[in-house]
2 protein chains.
Amino acid sequence: MKNIIVGQSGGPTAVINGSLYGVVSEGLRQNETIRHVYGMVNGIEGFLNDRYIDMGALDEANELEFIKTTPGAYLGSCRYKLPEDLNDPVYPKLFQKLNEKEIEYFFYIGGNDSMDTVSKLSRYAAAIESNIRFIGIPKTIDNDLVETDHTPGYGSAAKYVATTVREIVTDASVYDNKKSVTIVEIMGRHAGWLTAASVLARKFEGDNPVLIYLPEVAFDQDAFLEKVKNGLETTSNLVVCISEGINNGKGTFICEFASDVGVDNFGHKMLTGSGKYLENLIKEKLGVKVRSIELNVCQRCSSTMLSGTDHEESVNAGVYGVQAAIAGETGKMISFKRHSHHPYEVSYETADVNIICNEEKPVPTEWIINDGSDISDDFIAYAAPLIQGDVDLPVKDGLPVFAYRK
Amino acid sequence: MKNIIVGQSGGPTAVINGSLYGVVSEGLRQNETIRHVYGMVNGIEGFLNDRYIDMGALDEANELEFIKTTPGAYLGSCRYKLPEDLNDPVYPKLFQKLNEKEIEYFFYIGGNDSMDTVSKLSRYAAAIESNIRFIGIPKTIDNDLVETDHTPGYGSAAKYVATTVREIVTDASVYDNKKSVTIVEIMGRHAGWLTAASVLARKFEGDNPVLIYLPEVAFDQDAFLEKVKNGLETTSNLVVCISEGINNGKGTFICEFASDVGVDNFGHKMLTGSGKYLENLIKEKLGVKVRSIELNVCQRCSSTMLSGTDHEESVNAGVYGVQAAIAGETGKMISFKRHSHHPYEVSYETADVNIICNEEKPVPTEWIINDGSDISDDFIAYAAPLIQGDVDLPVKDGLPVFAYRK
């Protein structure tokens with residue numbers, strides 16, 4: 001009889017607790033092999049300070065069902081990076097704590113940086129011939145992990161973006177007897193997957209958002225102004241979706257063009273986002289009414305627009321992770337292989353975590369069309385299955401019920 | 001046999017089309033009295049340019065059911081203010097157009113300014129002894145109309161705010177081993193009803209949002225900093241909700257304190273919102289991690305968090321408006337009278353539109369407690385019934401289906 005420990009790391013998503021539920025429920029189900037399932041509080045950083053909880057007790061208190069649909073990271077997160085040098089004293093300290101608690105299976109739910117942690121720990125384990133197995137469960141709204149078709153968290157965030165942009169389009173068009181531009185700034189510093197999802201908001205050909213810009217293609221301000229000008233000729237209330245990370249292709253973010261202009265009351269530089277910068281640019285050059293909207297953290301924490309597919313896969317990734325570890329795998333991340341778009345079919349596999357932690361997967365440039373201002377049907381075929389289905393949230397007094405650590 | 005015309009005016013809400021549905025469906029149902037139901041495109045401004053559509057044709061095309069749950073203003077809106085002088089030539093021009101179309105019943109769905117339009121038109125009608133009856137259907141997320149318990153649009157916006165703040169609280173607390181402040185800026189220039197709804201997000205006593213500030217009480221920056229400092233002692237990740245309209249009690253908005261500091265690349269003043277201003281203030285004075293989030297237009301156009309109660313009442317207000325007009329009323333707004341919080345009971349009545357158009361209803365100051373930093377249980381008893389229940393939206397390909405004018 002051995003024990004499991006599971007942690008969450010990096011930014012939250014709407015379904016990271018779905019994967020936590022998957023690991024914990026499968027661990028508890030395998031009670032002929034597993035005695036305890038522990039959860040690290042605030043990831044590996046918290047565990048190094050002996051902060052962990054018994055997840056079985058939560059199950060007995062019926063909390064697990066609420067955790068399943070709660071956004072954010074129930075266990076708390078961290079941004080702790082393990083040292084590159086495997087001779088650092090933190091490694092023996094950590095393994096001593098793992099051994100004391102008789103941990104045989106270690107699961108870390110997160111993105112790139114979390115896979116780096118899994119990579120280092122599994123390599124250290126091999127070096128000292130430890131039996132502890134380390135498995136990564138993917139999660140990121142950015143969808144930028146290699147070696148997997150997509151990542152849990154992306155589908156729900158994409159559904160939030162597509163739904164919200166469709167709503168903003170209706171809002172923007174109520175004064176359709178006046179010309180206006182609305183710029184929607186969407187998360188994604190280096191990869192444009194989430195911004196690309198705004199194409200799903202279109203109700204008919206030519207509908208808003210008419211223009212979509214990702215960080216994968218160099219952004220040209222003059223060409224952009226020309227596109228906006230032309231767009232306004234056929235669409236009175238133009239909606240433009242941009243990634244926060246749009247850049248000039250030489251490493252300078254568009255928002256940085258505005259960063260050296262004025263300080264606030266306290267002497268701080270007044271940094272504006274890319275959306276705000278383009279709002280001012282259009283006002284100045286085209287003289288039309290413009291507003292910019294930052295979708296902000298709701299993209300990663302909204303619970304009311306969960307994708308049923310995404311949520312189910314997030315749970316399954318946790319379940320499959322436990323099964324893979326028990327079957328003997330280590331140093332792996334659970335990955336998704338897609339067999340068909342329509343009907344949508346995926347299988348769960350494992351991939352080498354050492355490859356994943358050092359790479360980022362951009363949107364293929366052949367999916368970015370019209371001089372970098374639009375998204376192709378290939379992307380729509382890829383993304384559409386990921387936003388399907390709903391999740392019934394527990395509701396009390398008109399609001400969703402969320403689990404929280406007492 | 002006479003005709004109806006209905007228009008929408010002012011900012012959109014999530015349920016203004018619910019009221020449109022109410023007016024149109026009741027008008028079409030009363031087909032022994034009513035021949036045609038017309039919709040003005042872009043309100044009275046559009047109607048003056050002969051822009052209107054036949055709503056009966058939409059019903060036959062099965063569009064009406066989709067309009068019912070579509071956010072924004074299906075007919076388009078305007079911000080056209082009729083002249084104070086009833087001798088202005090626009091009045092005979094407008095009445096000539098109404099008479100040409102054999103309009104007997106005129107409905108205008110909107111807030112304060114729309115009620116001003118209804119007031120002027122009904123007074124002009126009385127002066128020229130016209131039989132046309134003018135009825136206002138209330139709508140505003142601001143909930144600031146007098147002579148009614150609340151307004152359609154508020155309940156859904158309040159549900160959006162409460163749900164979203166609860167989600168932001170989970171997002172803000174994932175790094176709960178580090179201190180931070182999150183400021184959420186909520187719509188409401190003069191009335192704090194919507195910001196007050198953030199109190200509903202609390203899951204237990206003492207939960208976030210710990211501090212809530214409305215425009216009804218003068219905002220003191222030093223007292224605010226003291227409250228934030230104290231709050232951080234018991235809550236690591238403090239969430240503060242503020243109305244965009246918080247002010248110093250002497251007519252100066254808090255955001256205006258930052259308005260004279262620097263210009264952007266194009267020489268424009270860099271206006272920041274109140275949330276951004278307080279973010280900088282806390283960073284400077286307390287040195288903790290701070291971020292600010294503007295909830296923005298989603299507050300008024302979100303379709304996925306519609307309140308069932310609000311939506312039903314928005315439809316009923318339209319239905320009751322048609323019945324009141326046919327019964328002979330004019331120069332009135334449909335108003336809600338509450339008989340009981342629990343069980344929730346309201347009745348529909350009519351109120352004098354001339355009183356409504358010139359006044360604003362603030363949150364009662366006795367409901368604002370703890371030196372203006374919190375909201376009382378009396379508000380919770382008032383607001384809680386308004387956010388209850390769900391609305392099933394038509395869904396296609398994972399996204400809500402919205403009606404739009406072709």
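A search of the whole structure, a predicted model, finds four cavities of 30 Å³ or more. A cavity is a set of points, on a 1 Å grid over the protein atoms alone, where a 1.4 Å probe fits but cannot get out. Grid points are joined across faces, edges and corners, and a volume is the space filled by probe spheres set on the points. The largest cavity has a volume of about 70 Å³. Its lining draws on both chains and includes Tyr160(A), Cys298(A), Tyr160(B) and Cys298(B); lining residues have an atom within 4 Å of a point. The elements that give two or more residues to this lining are β9 of chain A and β9 (289-294) of chain B. By class, eight lining residues are nonpolar, two polar and two charged. Here Ala, Val, Leu, Ile, Met, Phe, Trp, Tyr, Cys and Pro count as nonpolar, Asp, Glu, Lys and Arg as charged, and the others, Gly among them, as polar.

Local features need pLDDT of at least 70 and side-chain atom pairs pLDDT 80 or more, whereas totals for chains, interfaces and linings use all residues; side-chain values use heavy atoms, with hydrogens and water left out. Residues are numbered from 1 along each chain as its sequence is written, with chains lettered from A and ligands numbered from 1 in the order in which they are written.

Pockets were also examined. A pocket is an open set of points with protein on both sides within 12 Å along at least five of seven lines. The second largest pocket holds about 880 Å³ of space. Its lining comprises 40 residues, and Val199(B), Leu200(B), Arg202(B), Lys203(B) and Phe204(B) lie nearest its centre. In chain B, α9 (221-234), β13 (374-375) and α14 (377-383) each give two or more residues to the lining. The lining divides into 19 nonpolar, nine polar and twelve charged residues.

In chain A, four strands form an open parallel sheet in the order β7-β8-β6-β9. Helices (H or I, at least four residues) and strands (E, at least two) are DSSP runs, numbered from the N terminus. Two strands pair if DSSP finds at least two bridges between them. β7 (211-213) and β9 (289-294) of chain A stand at the edges with a single partner strand each, so one side of each has no neighbour in the sheet. The twist averages 15° from one strand to the next. Strand β6 (residues 180-186) of chain A pairs with β9(A) over six bridges, in the parallel sense. Ile183(A) stands opposite Ser292(A) in β9(A). Helix α7 (residues 154-172) of chain A packs on the sheet and touches β6, β8 (237-243) and β9 of chain A. Its direction makes about 165° with that of β6(A). Helix α10 (residues 274-286) of chain A also touches β6, β8 and β9 of chain A, at about 160° to β6(A). Contact means heavy atoms within 4.5 Å. Axes are lines fitted to C-alpha atoms, for helices over the stretch in contact, and angles run from 0 to 180 degrees between N-to-C directions.

His311(A) is found in helix α12 (residues 308-326) of chain A. At 6% relative accessibility, His311(A) is buried. Buried means under 20% relative accessible area, exposed over 50%, and partly exposed in between (1.4 Å probe, protein chains only). Among the residues that His311(A) touches are Val15(A), Lys68(A) and Val391(A), not counting residues up to four places away in sequence.

The peptide bond from His342(A) to Pro343(A) is cis, with omega near 5°.
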